[in-house]
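Student: I would like to go through this model feature by feature. Please give the general idea each time, then the case at hand.

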Amino acid sequence: MEQYNADYLDENIELRTDTRTLSYLGEANPDAYVLISCREGHLQFRFNGAPIQIGKQMSFVCPPNNRMTHFLLSPDIKIAILKISTRMVQELLGTYMEQWNRFFYVNQYNIQLATDRHLKQMKYYYDLIDSKISSEAVPYHKEIMQSIIRAMLFEILSLIKMDAQSPQDTSEMSRSKYHFTQFLELLSATPVKHKPVEYYSEKLCISAKYLSSICKECSHKSARQWIDDMKDEDIRYHLLSTGLSIKEIASKLGFEDFSFFCKYVRRHFGCSPTEYRKKNGLENSDNVKAATVKNE
């Protein structure tokens with residue numbers, strides 16, 4: 001999606017309204033959600049080979065590692081293409097990420113059909129984004145944009161929850177989807193997620209190989225990726241929202257080797273734990289203890 005100028009762009013969020021951008025969505029996005037909103041007209045495409053059609057004021061969310069191809073557009077089409085990194089979605093939704101995952105990966109819910117009230121509400125969000133994009137840059141511009149996107153995500157989560165059918169009985173679910181659901185629930189309920197895949201497979205009374213297989217089948221993500229993603233969210237939460245020191249966080253989350261914890265955070269977040277707190281303006285917060293540790 002880099003070939004045409006973005007209406008808005010930062011390290012985690014892209015917003016584009018040029019329809020030519022659609023031709024570059026054929027490749028699966030391994031680490032981002034893509035939200036296509038049809039503001040005028042209608043469009044057709046294939047989602048992992050299945051035909052999809054969305055009309056005016058309808059939206060489609062493509063989870064990571066899925067493909068959209070063969071786009072056909074009406075002459076009056078006006079769209080907004082919002083690409084959000086998985087990390088940003090996790091950060092913005094926080095503890096509600098489990099519900100988001102359940103809708104998109106377990107129930108495989110994609111198209112959002114909305115009431116008139118929700119259609120108007122989503123239009124307000126895009127009008128607000130348009131206003132922020134077209135106006136002069138102001139302090140905290142990125143934070144303002146992220147706040148608007150966060151509200152949009154919760155709006156989507158709200159209308160999906162209202163529209164979704166009641167959960168199926170386990171007898172009506174496929175065996176793999178049932179075990180995948182159980183895995184997500186177990187992973188979310190496990191305080192210390194820093195454990196091997198075998199730990200979770202044994203709890204579910206299935207093999208680690210089978211667990212990895214059903215995760216790939218249901219979500220295009222391995223069991224190891226799910227563990228790391230949710231573990232990263234726990235780390236992010238404790239770094240930004242608690243008064244624990246870096247060593248206390250490492251211990252609480254099951255990292256017996258403090259040095260390994262720091263290396264893990266640097267590899268997954270691009271900086272050390274202390275730097276991550278400073279980057280988010282928390283180094284002087286009364287809620288955060290002095291956490292700078294030598295040899296981090």
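Tutor: We can begin with the helix that gives the most to the lining of the largest pocket: H8, with 10 residues. Helices (H or I, at least four residues) and strands (E, at least two) are DSSP runs, numbered from the N terminus. This is a predicted model, in which local features need pLDDT of at least 70, side-chain atom pairs count only at pLDDT 80 or more, and totals for chains, interfaces and linings use all residues. Residues are numbered from 1 along each chain as its sequence is written, and side-chain values use heavy atoms, with hydrogens and water left out.

Student: Which other helices each supply at least two residues of that lining?

Tutor: Besides H8 (223-241), they are H1 (86-93), H2 (97-106), H4 (141-163) and H11 (273-279). The lining has 38 residues, and Glu91, Leu92, Glu233, Arg236 and Leu240 lie nearest the centre of the pocket.

Student: How do the residues of its lining divide by class?

Tutor: Ala, Val, Leu, Ile, Met, Phe, Trp, Tyr, Cys and Pro count as nonpolar, Asp, Glu, Lys and Arg as charged, and the others, Gly among them, as polar. The lining of the largest pocket has 13 nonpolar, 11 polar and 14 charged residues.

Student: What does the lining of the second largest cavity have by class?

Tutor: That lining has 8 nonpolar residues, no polar and no charged ones. They are Tyr33, Leu35, Val61, Ile84, Val89, Trp100, Leu153 and Ile156. Strand S3 (32-40) and H4 each supply at least two of the lining residues. The space in this cavity is about 50 Å³, and the structure holds 3 cavities of 30 Å³ or more.

Student: Back to H8: why is it described as largely enclosed?

Tutor: Buried means under 20% relative accessible area, exposed over 50%, partly exposed in between (1.4 Å probe, protein chains only). H8 is largely enclosed by the rest of the structure because 14 of its 19 residues are buried. H1 is mostly covered, with 6 of its 8 residues buried; among them are Val89 and Leu92. Of the 296 residues of the chain, 48% count as buried.

Student: What should I look for in the phi angles?

Tutor: Most residues other than glycine have a negative phi, and most peptide bonds are trans. His70, in strand S7 (residues 68-73), has a positive phi of about 55° and is exposed at 62% relative accessibility. Tyr140, in the loop between H3 (116-134) and H4, has a positive phi near 65° and is exposed, with a relative accessible area of 64%.

How values were computed
On a 1 Å grid over the protein atoms alone, a cavity is a set of points where a 1.4 Å probe fits but cannot get out, and a pocket is an open set with protein on both sides within 12 Å along at least five of seven lines; lining residues have an atom within 4 Å of a point. Grid points are joined across faces, edges and corners, and a volume is the space filled by probe spheres set on the points.
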